[in-house]
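Reader: I'd like to learn how to read side-chain features in a model like this one. Could you walk me through some of them?

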Amino acid sequence: MAAAISCHFSSVSSPDSVSLSSASSISRTARILPRVSLPAPAIRRRISCQNASTALQSSVNGKAEAGLKDFLNISDFDKDTILKILDRAKEVKALIKSGERTYLPFKGKTLAMIFAKPSMRTRVSFETGFHLLGGHALYLGPDDIQMGKREETRDVARVLSRYNDIIMARVFPHQDILDLAKYATVPVINGLTDFNHPCQIMADALTIIEHVGRLDGTKVVYVGDGNNIVHSWLMLASVIPFHFVCACPRGFEPDARTAKNAIRAGVGKIEITNDPKEAVKGADVVYSDVWASMGQKEEAEYRRKVFQGFQVDEELMKLAGPQAYFMHCLPAERGIEVTDGVIEAPNSIVFPQAENRMHAQNAIMLHSLGL
């Protein structure tokens, strides 16, 4: 039995909890490497990781001086800023839901959307949201740019900056989004990387506030793989004081350094455990995601065996209690990580959660553009 991971004011009572030192020393095998944000191949490093020139430094400073902000990691912002963005999301959502169509802050502006990974929710929520607020969004699919292969990332960033007012990218290596932001002279929004998914967690936070009534002090229990969703939850817990628990199989814990940084922040109560039944007790939210993400499908069968006992079913939700909501970032593999009965239950809020992607992202883009 290992000791618990805990923050400055908490400890884990579960005997199956994992200590931070244990998480740090976890030997990740080749079968789970695809989900970790690994360094890009050498050729990509030559292409995209360049030393900043004087001209580049000038453009970066110009972005800041103009009040433009990238949105790459939730932990880049303080609590007040995060809450301000969420409040703005509620306001703009109310306008859109009321049928208001005269609020057009993005009028005359364009959004370039780079998709190395396809996605229904990310594309539709960004494109529709930007359009509803008066702007025009341009979809650039996996074969349109081939960023880092057909054209250097630094060149893509600087060319798109001259055509567009803001860039959103959904990519594989986290370094790609960092390189885009480094060379772009307009704001860059992280639409997902292998390492994190900040827009999703902002939508999730908005959904929890709407249904639970608050985010501070809530207990959010994630059951499944310690993936990019978990990393963003950890980052949010380093800014907002709530209780976050990740219940995952041994060997599938989140990145140890990310967990350590969140705990060191001393803000939220954080636990990493291998016992989902103990973890969900008293949860305000039980959260799940697919066990094999994009790029991991070849190991799906193996993961199904390892993740036995981590399915969110009716029995697990009963252990959580009648107050617990169920959330899932979608797409869901019904019958695998979650049962059909749970996702269709009255306390499932997965579809309001999906809708809030658009509203949270609108608020993020308003903040990034200084509007």
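Reader: Let's begin with Lys-281. Is Lys-281 buried or partly exposed?

Author: Lys-281 is partly exposed, with a relative accessible area of 41%. Please keep in mind that this is a predicted model, and that each value here is computed from it.

Reader: Which residue forms a salt bridge with Lys-281?

Author: The general idea comes before the case. Side chains of opposite charge can pair when their charged atoms come close. Here the partner of Lys-281 is Glu-278, and the closest N and O atoms of this salt bridge are 3.4 Å apart. Glu-278 is partly exposed too, at 31% relative accessibility.

Reader: How many salt bridges does the structure hold?

Author: There are 17 salt bridges. One of them joins the side chains of Arg-123 and Glu-127, with 3.1 Å from N to O.

Reader: Why are Arg-123 and Glu-127 separated by about one helical turn?

Author: Both sit in helix H5, which covers residues 120–132, and they are four residues apart, so about one turn of the helix separates them. As for the surface, Arg-123 is partly exposed, with a relative accessible area of 31%, and Glu-127 is partly exposed at 27%.

Reader: What does the charged end of Arg-123 sit over?

Author: The charged end of Arg-123 sits over the ring of Tyr-139, 3.9 Å from the ring centre. Tyr-139 is partly exposed, its relative accessible area being 26%.

Reader: Now for a salt bridge with buried partners. How far apart are N and O in the one between Glu-299 and Arg-303?

Author: The side chains of Glu-299 and Arg-303 meet at 2.6 Å, N to O. Glu-299 is buried, with a relative accessible area of 6%, and Arg-303 is buried with a value of 0%. Which residues are linked with them in a network of salt bridges? The network consists of Asp-225, Glu-299 and Arg-303.

Reader: Let's turn to rings. How many aromatic pairs does the structure hold?

Author: The structure holds 10 aromatic pairs. Phe-71 and Phe-77 form a stacked one, with 5.1 Å centre to centre and 20° between the planes. The angle is what to read here: planes under 30 degrees apart count as stacked.

Reader: What kind of pair do Phe-115 and Tyr-139 form?

Author: Phe-115 and Tyr-139 form a tilted pair, with 5.1 Å centre to centre and 40° between the planes. Phe-115 lies in strand S1 (residues 110–115) and Tyr-139 in strand S2 (residues 136–140), so this pair ties together parts that are 24 residues apart in sequence. Phe-115 counts as buried, at 1% relative accessibility.

Reader: Which residues do ring pairs link into a cluster?

Author: Ring pairs link Tyr-222, Trp-233, Phe-242, Phe-244 and Tyr-287 into a cluster. Trp-233 is also listed among the buried residues of helix H9.

Reader: How many residues of H9 are buried?

Author: In H9, 10 of its 10 residues are buried. At the start of this helix, a side-chain oxygen of Asn-227 reaches to within 3.1 Å of the backbone nitrogen of Ile-229. Asn-228 is in H9 too, which covers residues 228–237, and counts as buried at 10% relative accessibility.

Reader: Where does a polar atom of the side chain of Asn-228 find a backbone oxygen?

Author: That backbone oxygen belongs to Thr-193, 2.9 Å away. Neighbours within four places in sequence aside, Asn-228 is in contact with residues including Leu-192, Asp-194 and His-197.

Reader: What does the side chain of Asn-190 reach?

Author: The side chain of Asn-190 reaches the backbone oxygen of Leu-72 at 3.0 Å, and one of its polar atoms lies 2.8 Å from the backbone nitrogen of Leu-192. Asn-190 is in strand S4, residues 188–192, and is buried, with a relative accessible area of 0%. Among its contacts beyond four places in sequence are Phe-71, Leu-72 and His-174, and Phe-71 is the residue stacked with Phe-77.

Definitions and conventions:
Residues are numbered from 1 along each chain as its sequence is written. This is a predicted model: local features need pLDDT of at least 70, side-chain atom pairs count only at pLDDT 80 or more; totals for chains, interfaces and linings use all residues. Side-chain values use heavy atoms; hydrogens and water are left out. Helices (H or I, at least four residues) and strands (E, at least two) are DSSP runs, numbered from the N terminus. Buried means under 20% relative accessible area, exposed over 50%, partly exposed in between (1.4 Å probe, protein chains only). A polar contact is a pair of N or O atoms within 3.5 Å; within protein, one must be able to donate a hydrogen and the other to accept it, and residues adjacent in sequence count only if both atoms are side-chain atoms. Contact means heavy atoms within 4.5 Å. A salt bridge is a side-chain nitrogen of Lys or Arg within 4 Å of a carboxyl oxygen of Asp or Glu. Rings of Phe, Tyr and Trp (its six-membered ring) pair if their centres lie within 6.5 Å; planes under 30 degrees apart count as stacked, over 60 as edge-to-face and the rest as tilted. A charge sits over a ring if NZ of Lys or CZ of Arg is within 6 Å of the ring centre and within 35 degrees of the ring normal.
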